[in-house]
Amino acid sequence: MSRFLNPAKIGLLALIELYTNKTVPTASIVDVLSFITSHLIDGAPIPSSDPETRWKRAESTVSLVISIADFEKVLAPHTAASGIPGRSLWYVFLDRLWKIDSLDALHEFFENCTSLLAKTKDELRQDSLEGIPVPGPEVILLSRNSPFGAFVRRSQLEFTRLRFHDAFELWKDFVKYRQTTAAYYRKKTPSFQRLSFDNVLLTGENEWGAGVEAIASVTYGDMLRDDPNSTLPVSTDDIEKLLEFQIEQMQKYGNRIPIEIQHQFHDLLNDSFMIPSLSHYLSYLDAWRAGDFSTSFDYLHRYFDYTMQNRDRSFYQYALMNLAVLQADFGCYKEAIAAMLETVSTARENRDMTCLNFALNWLFHFGRAHPEVTKELESNSMLGTGKESLAFLRSRAKETGMWTLWSSALMSEAKMGLSNGESVAVAIEHLVRSSQVLVERNMKNLVGSQLSINIALWDRLGIAYLSMTTCEIFLRCHARNSIFDDELKVTSRQASMLTLKGKYDEALGILEGMDANSLRSWKPSQYWHKFRGIIKLRRDLHRNNLDGAELLLSQLLQSKNEDLEPDLAFVIDNLHVECLVRRGNLDQAFIKVDKLVSELRDENKDIALRVRLLLLKAELLDKCGRPQKGFTVAVRAANVAWRARLIPYLWPAIGAIANILTSLGEFEPAIQLLNAILPRSLECENAAMSAKLYSHLGDANMGMAGKMPPKSLKRREFMTKAVEAIEKAFNHYSSVEDINKQCEMMAKKATIMKVSGDNVLANDYAAAYLAIRRDAASMKI
């Protein structure tokens, strides 16, 4: 195997020669040049970055090395501009290749490549002295520094460097590569004979007679008989380009290599006599994405052991950094912290600011995600407080021109401000500044992180429509340029919003529609399965399928804290409490809530989680029949939610206060509170929350009706309002398929009708109640 040349590159050189000879017609120039350019320039643009076409460059490189068929696909539809009229460009191309009919002709082919290049000033001066005319303007010559010119010059240089044995191996590979076109070329060329592939054998056939077969066998071995043990004609340059491309794709998008490309690349690598060290790094990335800790650990050591042997110590900090990230991903948090702190020390010694800033940024985010691990380090100056770390990172990033880090620090400040319940305006300011950096520097890969925070912001402000719209914008416009983790989390957020509306099948559908190859990675696959489990768990709880819900819960609770974000882990805990309540196990539910409160207090997590716990506690007290005991809790939740502008939790808190007022007999203030918040609560598009508020409104109106004189108009008016509110609550509960609540609302309507004296309607509602119970039982079966 040569370092650079292979039969496919000889084919590209021949195609460039046809272009300079004006054999390519004007209408076909763009197609031909695009094909050549796509295989010569690493950064050649790809029309689409969809997951299906993202690996197209690797596929085309491998297929070009393996077979000549790619040339046929491009050239067959086009007619040649010169030669025999009607001949296709594919035939002219093959004619040029078959004229290279000996090893000597191959040498001549490379020597003649000089004529494709524009001459230097010294060469032009020498030609003028010798009386050689200057080429006319109509002659196509390649600039020596152009991509084509550089490729021609390097090909010539690499061929002259080849030893005789390597040149002969290249010739044999070329013969085999071209042989598949022999049948087509024989039909078009009457003079083509059995030994036309080698002119030496053809001309010596008369002299040697039957001995020519023996000579051919000695020269080409089993190659002429399709030897199954033959190797693929791949060069070191092809291997290295494929390695770099695959590593770039895996790091940029967080995906694993598709299985087909993986098998093809392994075939090429097996036929290579020299395995680049970068292949160990590729194996490490693939094993890491696959969730194989021991294998990834082994390949990481192999790669950096090789690197440290052949280079200086300047790469040591990157080995430590990769090791820390790997260990953190597999739950070895203390080892990860130790490795990253050593990375910081080594990067300082080597004055590697890029590595140092990345390590400090990683330490900050790791400390936010796992405060229990970094608690002992908080007193040291190495980490400091969150705001100090971010301010330092921001200033360093701006000084050193690390725009990715600068934008990331601004986003982290916005996220931390929202998490601590600070000013929303300041958070938006940080997001706008971050967005400006992203747009000015065209950093498309960070748009996912930026929009994720925007989605969370609109969600916290209770504007679900804008949150859903931002999800759609990202998935339609920016997902193709972002890492898959961002796409997965935004899709999951979208599915979560659909679940709150009761659209379970649609939510599961958009999760099922995600790219299958991207979901082969271990962590995204785990996240995807768990999120689907959460949606199914919520549906089972609402349908009162408690056995199925407990089965899902047991699976989710086993790995709740491994790789889920704090808010998703809290959702699982919340659903666990709901399951306990539906089972009537209120004591265990209270114990669970108290445990969660103490954990959040110790870890100082997102303020939204604390508000949700307060609301959960108030709800549990209401379930116990002692809502007044939750008054302080509800007021505190409302106060914190208002100060932090957590609108989706402010309305339930006000609703809990109104419910407590109703239990105290203060019906009118409860009605006023509920009428004030209900229109805004509908903007949150949370059907269960809206249903609960309407239920409280119905209770309060019924209480007011009880204060009115019997058979009075006022009493009938309040009872009518109560029925309307209960009906709306029933509709919202129906949309989320909450069987118990549907039955409860139907029972309330039957009771109201019975009190109002309409026994017919009361009986109808009672029958509807029984029908709902019957349908729920049949659904579980």
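Helix H27 (residues 504–512) and helix H28 (residues 522–542) pack with their axes 11 Å apart, at an angle of about 170°, where axes are lines fitted to C-alpha atoms over the stretch in contact and angles run from 0 to 180 degrees between N-to-C directions. The model is a predicted one, in which local features need pLDDT of at least 70 and side-chain atom pairs count only at pLDDT 80 or more, while totals for chains, interfaces and linings use all residues. Residues are numbered from 1 along each chain as its sequence is written, and side-chain values use heavy atoms, with hydrogens and water left out.

H27 and H28 are therefore roughly antiparallel to each other, a term for angles over 145 degrees. Helices here are DSSP runs (H or I, at least four residues) numbered from the N terminus. Helix H29 (residues 546–558) also packs against H28, and H28 and H29 are therefore roughly antiparallel as well.

| Helix pair | Angle between axes | Axis distance |
|---|---|---|
| H27 and H28 | about 170° | 11 Å apart |
| H28 and H29 | roughly 155° | within 8 Å |

Contact means heavy atoms within 4.5 Å. Among the residues that meet between H27 and H28 are Tyr504 and Leu508 in H27, and Trp528 and Phe531 in H28. The residues of this contact divide into seven nonpolar, one polar and five charged. The contact between H28 and H29 includes Ile534 and Leu537 of H28, together with Leu552 and Leu556 of H29; by class, this contact has eight nonpolar, two polar and three charged residues. Ala, Val, Leu, Ile, Met, Phe, Trp, Tyr, Cys and Pro count as nonpolar, Asp, Glu, Lys and Arg as charged, and the others, Gly among them, as polar.

Conventions
Helices (H or I, at least four residues) and strands (E, at least two) are DSSP runs, numbered from the N terminus. Angles under 35 degrees count as roughly parallel, over 145 as roughly antiparallel, 65 to 115 as roughly perpendicular and the rest as oblique.
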